[in-house]
Amino acid sequence: FFCGHNRAFHLDDRPSGTMHIFLLVFSFMFWVIRPSKSLMLAYAPILRELERSVDRYAALRSREEVAAYLRTLATQRRDEAVFVLGNRLFAFRKFLGASKNRRHAGHVLSTLQTKTVANVAYAFVKDSTGNATDAAFPFAAISKKRGYGAAGILVPNPFFADPSGNLSWWERRKEVRRATTATGQARAQTPYGDRRVFWRGNLGHHEDDCERDEGNFARFDAIALTLEHAGEFDVKCNKCVPNNRSCHGPYDAAMRHLVDVNFAPCYDQKWYDPFRDYPTYRALLNLPGTTAGGYSRNLNVLWLLGRVVFFWEAPFVEFYWPALVPGLTHLVVNRTTALRAYRSLDDVSSEGGGTVEATLVRGARLVAEHLVCGECLRRFFVDFFLALRRRFRLGLILDTTRSNDDDGNVERLAAIFDSAGVDCARDFLEIVAAPSASHKKSGGARLVETPVVAFSADEKPNCLGVFRSISLT
């Protein structure tokens, strides 16, 4: 029942309130990590947010309602639809054409390679802000720019792996292994050569879109710290194209100086390797993304590096953030508080003794070990699938109770796709990992779309034949 399960647990009968509370309490007790008496990191808050975000959508209770949900996936949400059937992964043609879709599919396929999960179908929205064309329909989001209250159900962002989304590759990287094993803890004790807070990235602008420019304003705000406090902050851009005006309040004197006089003190064209160069600094800063002001993939790596992690104050959130504890796993800063936060690193910590810096380094390591490791992400995907099945009772159509399909669900599913005008033989495809010499970094495989079944010359391709070839038990 707890989040470390390795087999399917059908929740279509929906557990009672008492059972639901038991599951949360049990998972909390099982997954709490206690490096000291007071520092703890729990998986239960992630489960609670998952359940809350799923439960914001109306429950489906009948086959007719589930059929309507699946029909919407096969029509209006076809470009976003993901199906897990018989522990295999399916989507419509060209789903893999978008890089974030491909990485997400790789995450799911990596999960199916080590876990057995029940049948599920959902929409995946790749937008970095969590915006969807129809927020009333349930969808998976990689980030929510405006916080947990926004629509959508958070899942891991697609950059925890190589370009094909292979979570095994993420685990195999020597740097990840070093960060998530007992021997890797020694990195936290390695002296750093630079005591400053470090960040490198792009600073751009969206001339006529103030809302999308929020991330760039935040980046510019942070970069200005380098001009004011060069001894504590090394926050610079390697591509610097700031807006000449601000949609988010007037530029202060430091920002104005950089725009009007000289940007050189905050420009650095050198390339920094995250695993080699970032750990030479005392602390690492995470800033909002430049494209739309949402999450930044940079954070995925920062947890692994044995250094203090600073978050720039912003409303966006990701799936695992409910388990984070400011002051234990990271520090949240802005232009006004950043210097004070930096100076506090030498203070005595109230959490288990030692310095604030030591506490934060331990907390970041726990995030790497227990929240964003490859197995951690697989564990979450299983819980995500179970939550969807519980709320939307997808098994009413996606499951068959007998091998000969006495309950008629294969016919029902085929009829839904037929009514949606889907050419199942051509457009409903299985996603598999194919050997590829050009993808050695991802374990020698790439993701491809392949027909589900090969019809003979005298057979007419049809949806019923496609779904009969998939085991829905």
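The axes of helix 4 (residues 99-114) and helix 12 (residues 374-392) come within 9 Å and cross at roughly 95 degrees. The structure is a predicted model, in which local features need pLDDT of at least 70 and side-chain atom pairs count only at pLDDT 80 or more, while totals for chains, interfaces and linings use all residues. Residues are numbered from 1 along each chain as its sequence is written, and side-chain values use heavy atoms, with hydrogens and water left out.

- Helices are DSSP runs of H or I with at least four residues, and strands are runs of E with at least two, numbered from the N terminus.
- Axes are lines fitted to C-alpha atoms, for helices over the stretch in contact, and angles run from 0 to 180 degrees between N-to-C directions.
- Helix 4 and helix 12 are therefore roughly perpendicular to each other (angles of 65 to 115 degrees count as such, under 35 as roughly parallel, over 145 as roughly antiparallel and the rest as oblique).
- Contact (heavy atoms within 4.5 Å) involves His104, His107, Val108, Ser110, Thr111 and Thr114 of helix 4, together with Arg378, Phe381, Val382 and Phe385 of helix 12.

- The 19 residues of helix 12 reach 27 Å from first C-alpha to last, close to the 27 Å expected at 1.5 Å a residue (1.5 Å times one less than the number of residues).
- Because 18 of its 19 residues are buried, helix 12 is largely enclosed by the rest of the structure (buried means under 20% relative accessible area, exposed over 50% and partly exposed in between, with a 1.4 Å probe and protein chains only).
- Just after helix 12, Arg393 adopts a positive phi of about 45 degrees.
- Helix 11 (residues 356-370) is likewise largely enclosed, since twelve of its 15 residues are buried; among them are Val356, Leu360 and Glu369.

**Aromatic rings**

- The structure holds 28 aromatic pairs (rings of Phe, Tyr and Trp, the last by its six-membered ring, with centres within 6.5 Å; planes under 30 degrees apart count as stacked, over 60 as edge-to-face and the rest as tilted).
- One of these is the tilted pair of Phe311 and Trp321, at 4.9 Å centre to centre and 40 degrees between the planes.
- Phe311 lies in strand 9 (residues 308-312) and Trp321 in the loop between strand 9 and strand 10 (331-333), so the pair ties together parts ten residues apart in sequence.
- Phe311 and Trp321 are both buried.
- Arg379 lies over the face of Tyr43, at 4.1 Å from the ring centre (CZ of Arg or NZ of Lys within 6 Å of the centre and within 35 degrees of the ring normal).
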